[in-house]
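Please look over the sequence and the model below before reading on.

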Amino acid sequence: DGLVVSERVKSNDIDVKIPESELEAEEKGAEEERPRESDSSILDVSSDYPRDKHISIQRHLADLEKLADLREDERKPCPLCPEEKFKACYSHKLHRHVQNLHWKVSVEFEGYRMCICHLSCRPVKPNLVGDQTLSKMGAHYHCIICSATIVRRTDMIGHVNRHVNKGETESRFITVRAPKSSYKVVKESATDVQVLPNHSTPQKTDSYFNPKMKLNRQLIFCALAVLAGERKPIECLDAFGATGIMGLQWAKHLRSSVKVTINDCNENSVTMIKENCHLNKMKVKLNIREEDDEIVGNGEENSDTIEVTKMDANVVMHLRSFDFIHLDPFGTSVNYLDSAFRNVRNLGIVSLTSTDISSLYAKAQHVALRHYGCNIVRTEYYKELAARTVIAAVTRAAARCNKGIEVLLAVALEHSVLVVVRVLRGPTPADDSAKKVRYLIHCQWCEERVFQKEGNMVEENPYQQLPCDCHGSMPGKTAVLLGPLWSGALFNTGFLRRMLLEAVQYGLDEAQPLLKTLVCEAECTTLKHFSTHSPGDENKQEECGVYIRTPNTSAESCLVHGKRKSQEVLRGTAKRQRAEHSAEHPPFYYNIHRHSIKGMNMPKLNKFLNYLSEAGYRVSRTHFDPMGVRTSAPLAQFKAVLMKYSAPTYVGTQAEGPVHLPGEIQVGEEVPAAAAIKVEEAELSDDDKFGVTAAMFTQSYPTHCAAD
């Protein structure tokens, strides 16, 4: 009949269970009062009866009306409202009350309705005294899964959804994993993983999987593949496994070159990682002391073993040493840097993905100051500023462990910042790296910027270090001090070229265009001068000459020349490496739209790069900004070249007159190398035709267009 078969009566603060047979034998005079007592006592159902549910949770409206025991000749109270809130009434009025005030505002879940309840099962804040407390009982919902009471309907819906996302669909605190039918299999780079339906919602699921981070995972895989080519086997750690997709890709493609450890502190995530390992025909090693968990399959496929651990990321990095560590927590990764650099091996690689872009991109500056100890503001080069902020924190963490770093890669994407560094043991590399952490002087008027000079002496006017003269022509303070930031190079050209070769070898199509852009940006050259094949092998050996010890690889490539010849080649490549290292790419970039001239049409970006290159400056595009230009030219020369090759914009209704395009100009005659460009005055014969005064054209119109 929808009623609960047992009830509880409180006597002297002790819960006593009374059978139903004894309740039926009570006096007939108390028959009307018994439902009211049972309604208030039934709310506190013991966990010993997991199948019992609160009376406000019913399947049909008729079941709720049965609780009210509607009779036309008697007044009945509402089973979900106290008598002080809703007095007893006849059936027709009680029916409307139950239907409109309880059933229509219910929350549905798997065929059940969680109706709103007004009984005194939720504690009331002691802001009211006396009889007003009973009359102001708060309405609430009872969760069908747990014992929680929720006030708002929207909050109740979100509460139930969180239970579903965690796989908690059984009643009475029973936490079970979601059924197999609710899993979704996602395939990426020939690797299958099982995820929950809400896999793209962080902090609300145990199987967080973001398809937008595919490019990030491919870049990390290429970096690991390069390290695996230097020494074998290497021990690598995915400290935040989630679904285990990254570690599975490492083990599946690199095979015996790597020993993969996937860690996560969540038990459900660890269970899912083990299932995904079996799905990809991998053996699972739970811990060092435990035996292997074998599966049925081919012997060749079962030879690959993945170790799965369940502990805090700081703990696992303190306990063991690794050659490759990847950190990808939700938010900032500064809490794990000290542990990562404590036991990482010499010449190993630490990669970290920071997703706290609100603080890194200067939207929450106080958070950046709290996490990274860095003062930043929103600038036109904010993405590179974010990358240098993260590297500065990495440098300080490595220096505390007497280790230095060499930045191999720094990429700022839409949702994350990826930094890959090589670890160099010893106090000398630590000191050299720490010296590259400096403050940045940024002009807020023209956005010119320069790193503060080394030294401990306090300058009277640090604005004089800026190439611009805004501090003299503008009132007040024109510049701010940002940092401390990493002032060294963001890329290693040889390492990026080898990453590109690995991306081509494993067919990672999404990473190849970005890696080509990064190589051009590291060399500060345009894409048309980029060569994919010829410099690849040479740079592969150049990388071995300084920091990377790969004697087997170099011996094989130089075997035909003999032992003495191979040593000479290594010495030569080391010299070339030092020469290339001295000419690193210029820091930061300029946005061509930010510095465009009002009333002028800018040239195409690729043509503008050619103009700057012909003027004698190093120039390249940047992945940080699609309209950004990385160049060694000062901002004044950048603006001068931009204005020289910009055509005027006509606002009048007449058709535009003939204007020489920038492609028809002899650029070499007009733009002197590394010198200021001055626009000469000229007279135009068609001033009246376009309704524009000659004074405007003498200031902004180039001399080579005056003939028209």
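The paragraphs below go from the whole chain to single residues.

This is a predicted model, in which local features need pLDDT of at least 70 and side-chain atom pairs count only at pLDDT 80 or more, while totals for chains, interfaces and linings use all residues. Residues are numbered from 1 along each chain as its sequence is written, and side-chain values use heavy atoms, with hydrogens and water left out.

The protein chain has 27 helices and 26 strands; these are DSSP runs numbered from the N terminus, helices being H or I with at least four residues and strands E with at least two. Of its 708 residues, 49% count as buried, where buried means under 20% relative accessible area, exposed over 50%, and partly exposed in between (1.4 Å probe, protein chains only). Contact means heavy atoms within 4.5 Å. Among contacts in the protein chain with a separation of 6 or more, 65% join residues 24 or more positions apart.

In soluble globular proteins, nonpolar side chains tend to be buried together. A nonpolar core is here a set of buried Ala, Val, Leu, Ile, Met, Phe, Trp, Tyr and Cys residues joined through side-chain atoms within 4.5 Å. The largest such core has 106 residues, and Phe341 and Met499 touch the most other members. Helix 7 (residues 214-230) supplies the largest share of this core, 11 residues. The core also draws at least three residues from each of domain 2 (185-288 + 303-453 + 475-495) and domain 3 (587-649), with bounds from an automatic or database domain assignment. Beyond four places in sequence, the residues that Phe341 touches include Val350, Val394, Cys401, Ile405 and Val423. A second, separate core of 25 residues includes Ile592, Val619, Val629 and Phe638.

Rings of Phe, Tyr and Trp (its six-membered ring) pair if their centres lie within 6.5 Å; planes under 30 degrees apart count as stacked, over 60 as edge-to-face and the rest as tilted. The whole structure holds 10 aromatic pairs. One of them, Phe608 with Phe638, is edge-to-face, at 5.2 Å centre to centre and 85° between the planes. Phe608 lies in helix 23 (residues 605-614) and Phe638 in helix 24 (residues 635-644), so this pair ties together parts 30 residues apart in sequence. Phe608 is buried at 0% relative accessibility, and Phe638 is buried with a relative accessible area of 0%. Tyr611 and Tyr645 form a stacked pair, with 4.0 Å between centres and 20° between planes. Tyr611 is in helix 23 and Tyr645 in the loop between helix 24 and strand 26 (647-648), 34 residues apart. Both tyrosines, Tyr611 and Tyr645, are buried.

Elsewhere, Tyr381, Phe451 and Phe588 form one aromatic cluster. Arg388 lies over the face of Phe588, 5.0 Å from the ring centre; a charge sits over a ring if NZ of Lys or CZ of Arg is within 6 Å of the ring centre and within 35 degrees of the ring normal.

Two loop residues remain. Arg320 lies between helix 11 (313-319) and strand 15 (322-327). Because its relative accessibility is 19%, Arg320 counts as buried. The Arg320 side chain makes a polar contact of 3.2 Å with the side chain of Glu307. A polar contact is a pair of N or O atoms within 3.5 Å; within protein, one must be able to donate a hydrogen and the other to accept it, and residues adjacent in sequence count only if both atoms are side-chain atoms. Ser106 lies in the loop between helix 4 (91-103) and strand 4 (107-109), and its side chain is joined to that of Arg113 by a polar contact of 3.1 Å.
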